[in-house]
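Please have the sequence and the structure at hand while reading.

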Amino acid sequence: MTATQPLEAILEELEQAEGLAGLQAATEALRIHYQIDHVIYHWVDSAGDQYGCGTYSDTWRNRYLELNYLRVDPVIIGCFQRFHPVDWKRLDWSSKAARAFKSDAIEHGVGNQGFSVPIRGPNGQFALFTVNHTCDDAHWAEWTELHRRDLILIAHYFNEKALDFEPERTPEQSQALSPREIDAMTLLAMGYSRAQVADTLSISEHTLRVYIESARFKLGAMNTTHAVARAMSRGLIVV
């Protein structure tokens with residue numbers, strides 16, 4: 001994974017990964033694909049242990065663990081309290097410890113801009129998918145707005161694969177989606193708005209909500225975006 005690849009090819013290889021090396025390769029490919037400084041997946045499991053993969057330097061990863069920065073990292077603290085993606089500028093960096101942490105991170109190659117997607121899994125599992133770059137606020141706001149939807153989907157792809165590696169995990173059973181649920185989820189995955197999906201399927205938005213909620217329940221998803229990601233990762237819909 002050294003040359004630029006289409007996003008679909010990266011996600012396909014991620015789905016077929018058999019270990020953490022596959023997740024690591026995906027972060028490197030995504031960094032090249034999006035032409036940004038760093039891509040990171042950071043997991044905290046139900047026992048409180050943590051591991052991750054990504055493009056930060058070994059020096060910074062080791063320093064983060066040695067100094068136990070998990071305790072003061074505003075990204076971890078802030079995202080643990082949220083369910084939605086967040087730009088790092090919206091987090092609380094006001095404490096002396098947080099400012100010192102940020103300065104140390106930048107000195108070790110971490111960009112001044114970041115966008116993180118918090119993810120929660122079974123049995124208390126918590127993970128973050130993060131993209132990181134060095135640029136001005138205007139450029140970063142434009143970039144994250146352009147790629148926000150893709151980043152949320154990618155985050156759930158990573159977490160679905162990481163959960164496969166958790167010891168003693170009982171595999172989830174997929175429930176079949178109805179033809180109408182498949183149609184609805186496929187169009188949503190293609191970027192259609194709810195109004196456009198309802199119009200395309202010649203149904204009311206109320207009826208569409210019923211299909212979406214039914215699909216979300218079958219997939220065990222937290223929200224519609226999570227449902228789309230799960231349906232795609234399990235091969236229930238193809239875009």
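Glu 213 and Arg 216 lie three residues apart in helix H9 (residues 205–219), and are therefore separated by about one helical turn; helices here are DSSP runs of H or I with at least four residues, numbered from the N terminus. The model is a predicted one, in which local features need pLDDT of at least 70 and side-chain atom pairs count only at pLDDT 80 or more, while totals for chains, interfaces and linings use all residues. Residues are numbered from 1 along each chain as its sequence is written, and side-chain values use heavy atoms, with hydrogens and water left out.

**Salt bridges**

- A salt bridge is counted when a side-chain nitrogen of Lys or Arg is within 4 Å of a carboxyl oxygen of Asp or Glu, and by this rule there are seven.
- Among them, Glu 213 and Arg 216 are joined through their side chains, at 2.8 Å from N to O.
- Asp 87 and Lys 89 form another, with an N to O distance of 3.1 Å.
- Arg 149 pairs with Asp 150, where the closest N and O atoms are 3.7 Å apart.

**Accessibility of the partners**

- Buried means under 20% relative accessible area, exposed means over 50%, and partly exposed lies in between (1.4 Å probe, protein chains only).
- In helix H9, Glu 213 is partly exposed at 37%, and Arg 216 is partly exposed at 24%.
- Arg 149 is partly exposed at 34%, and Asp 150 is partly exposed at 25%.

Notes. Helices (H or I, at least four residues) and strands (E, at least two) are DSSP runs, numbered from the N terminus.
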